[in-house]
Amino acid sequence: MVYRQPWSYFVNSPCLKCSPVAQYKCQLFTMEALAGGWDADGKGPSVWDTFTHQGGERVFKNQTGDVACSSYTLWEEDLKCIKQLGLTHYRFSLSWSRLLPDGTTGFINQKGVDYYNKIIDDLLENGIKPIVTLFHFDLPQGLEDKGGWLSETIVESFDKYAQFCFRTFGDRVKLWITLNEPNLFALMAYDHGTFPPGVPHLGTGGYQAAHNLIKAHAKSWHSYDSLFRKEQKGLVSLSFFIGWVEPADPNSASDQEAARRVMAFHLDLFAKPIFTDGDYPEGVKSQIASMSKKQGYPSSRLPEFTEEEKKMIKGTGDFFAVQYYTTRLVRYKENKKGELGAIHDAEAEVLTDPSWVNLDWVYVVPWGIRKLLKYVKEMYNNPVIYITENGFPHSDLTSLDDTQRWEYFRQTFEELLKAIQLDKVNLKVYCAWSLLDNFEWTEGYSCRFGFFHVDFEDPARPRVPYSSAKEYAKVIQNNGLEGHQ
């Protein structure tokens, strides 16, 4: 089982001059499970603090993010890495419980505000634009104790938190992500129970959480639009985790339909309400309703939006943000036994091609990102697209030469150029994952995505560049790949 991406349990010379919009950029989010300082300077506990401290092998070797790469105390070192790469944009996340320890505006932690103010100000002083994410899986424990994302009260709580952030940082932050990978998070946290709070509600929890996440995003978007946009002139959206899928048998009509259903469950369940008409895809609604009836439920397990909610949700994305890592094959699999779970609702089985090279859950399928971008263009009326995450992991190398990983990036960039020049995809921003090796959720420190190596056994947490960092810096400097016209 792989827990970073959903297909696992959803069962997871001259340079190549790109068009002016093909800007290669990098990001790192500083969610507190990665930044460390889990209880420093007045920060309240998040669900990930609670989850990792409970043990029980929920995380690789019972590792925690208490210190992680220690960005909380080593921000100046991070900034040196950012400048060494020559980044133009830097994506990071705010910790809700560092700013509002109990999740509410009843008490504001000024030291948390100061920490993020310093990051934002330092970035801007160095000509680097911040891309700021409000929620990256780390819900304040106090709000989870009140029902978390399964409770509709979270919509109002998130909106108040978002307004606080817009008011506090929005004079300088112009690019906002409200929710990171809500389509992954809803299932991992509240359906499968692999992420905190760690209590599975198979077949129901993911859909209920999704319902509230969509409404929370929409409400906060309207708050920005009505209260802050005129003066601050920023953009607000959310980012989706999206793996591309292909029918296992391209000549099979049932496999083709299964692949389309998986994309609808995986992406369109969230994207269609926000970017099209305020409601879930008809095919997804009918599929879940049919399955629910067979399983003896009195009504569909997928909640319904009211007409007023549909109007509120429609059109609440200023750009379309995707996070792509890999591709899978899909085969039709009838749900004869009435099993619960999104993959069973979609009546599909997820596979890989034995010829694909992989490390952990990431298979090297560069053409998948081009097909995904074309899908988004065609399904969602050619939106402006931001790639807010993309990367390839490696284990703890004895050498800093990560040639295989750089080859993944090189091939990916070639596919992005095709998407821009041949498919006319409106790609504006690219963010690689990630600046530093960090705490990768349930995989702990076993899976490294950084351009800079971090020695987690050394209290000083030194940052040392991999060979890929040097190559990536060249791409940024040239705005393209060397050796291509």
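**Loops, helix contacts and pockets**

Q: Where does Phe-137 sit?
A: Phe-137 is in the loop between strand 3 (129–135) and helix 6 (141–144). Helices (H or I, at least four residues) and strands (E, at least two) are DSSP runs, counted from the N terminus.

Q: Before we go on, what am I looking at?
A: This is a predicted model, with local features requiring pLDDT of at least 70 and side-chain atom pairs pLDDT 80 or more, while totals for chains, interfaces and linings use all residues. Numbering starts from 1 along each chain as its sequence is written, and side-chain values use heavy atoms, leaving out hydrogens and water.

Q: Back to Phe-137. What is its phi?
A: Positive, at about 80°. Phe-137 is not a glycine, yet has that value.

Q: Now peptide bonds. Is Pro-196 to Pro-197 cis or trans?
A: It is cis, and omega is near 15°. Pro-197 belongs to the loop between helix 8 (182–191) and helix 9 (205–227).

Q: And Trp-433 to Ser-434, cis or trans?
A: Cis, with omega about 0°.

Q: Which loop holds Ser-434?
A: The loop between strand 13 (427–433) and strand 14 (452–454).

Q: You mentioned helix 8 and helix 9. What angle do their axes make?
A: Roughly 135°, and the axes come within 8 Å. Axes are lines fitted to C-alpha atoms, for helices over the stretch in contact, and angles run from 0 to 180 degrees between N-to-C directions.

Q: What do you call that arrangement?
A: That angle makes helix 8 oblique to helix 9. Under 35 degrees is roughly parallel, over 145 roughly antiparallel, 65 to 115 roughly perpendicular, and the rest oblique.

Q: Which residues touch?
A: Helix 8 gives Pro-182, Phe-185, Ala-186, Leu-187, Tyr-190 and Asp-191. Helix 9 gives Gly-205, Gly-206, Ala-209, Ala-210 and Leu-213. Contact means heavy atoms within 4.5 Å.

Q: Next pair. How do helix 3 and helix 5 cross?
A: Helix 3 (residues 75–85) and helix 5 (residues 110–125) cross at roughly 30°, with axes that come within 11 Å. That makes helix 3 roughly parallel to helix 5.

Q: Who makes the contact?
A: From helix 3, Trp-75, Glu-76, Leu-79 and Ile-82. From helix 5, Lys-118, Ile-119, Asp-122 and Leu-123. By class, this contact has five nonpolar, no polar and three charged residues.

Q: And helix 5 with helix 7, at what angle?
A: About 50°, with the axes 11 Å apart; helix 7 spans residues 153–169. Helix 5 and helix 7 are therefore oblique to each other.

Q: What meets what?
A: Val-113, Tyr-116, Asn-117 and Ile-120 of helix 5 meet Phe-164, Thr-168 and Phe-169 of helix 7. The contact of helix 5 with helix 7 has five nonpolar, two polar and no charged residues.

Q: What lines the largest pocket?
A: It has 16 lining residues. Gln-63, Tyr-445, Arg-448, Phe-456 and Glu-457 lie nearest its centre. By class, the lining has five nonpolar, four polar and seven charged residues.

Q: And the second largest pocket, what volume?
A: About 150 Å³. Its lining is Trp-244, Val-245, Glu-246, Pro-247, Gln-256, Ala-259, Arg-260, Met-263 and Tyr-375. Strand 6 (244–247) and helix 11 (253–277) are the elements that give two or more residues to that lining.

Q: How does the lining of the second largest pocket split by class?
A: Six nonpolar, one polar and two charged.

Q: Last one. What lines the second largest cavity?
A: Phe-51, Thr-52, Gly-55, Arg-58, Val-59, Asn-62 and Gln-63. The second largest cavity has a volume of about 30 Å³. Its lining has two nonpolar, four polar and one charged residues. Gln-63 also lines the largest pocket.

Conventions. On a 1 Å grid over the protein atoms alone, a cavity is a set of points where a 1.4 Å probe fits but cannot get out, and a pocket is an open set with protein on both sides within 12 Å along at least five of seven lines; lining residues have an atom within 4 Å of a point. Ala, Val, Leu, Ile, Met, Phe, Trp, Tyr, Cys and Pro count as nonpolar, Asp, Glu, Lys and Arg as charged, and the others, Gly among them, as polar. Grid points are joined across faces, edges and corners, and a volume is the space filled by probe spheres set on the points.
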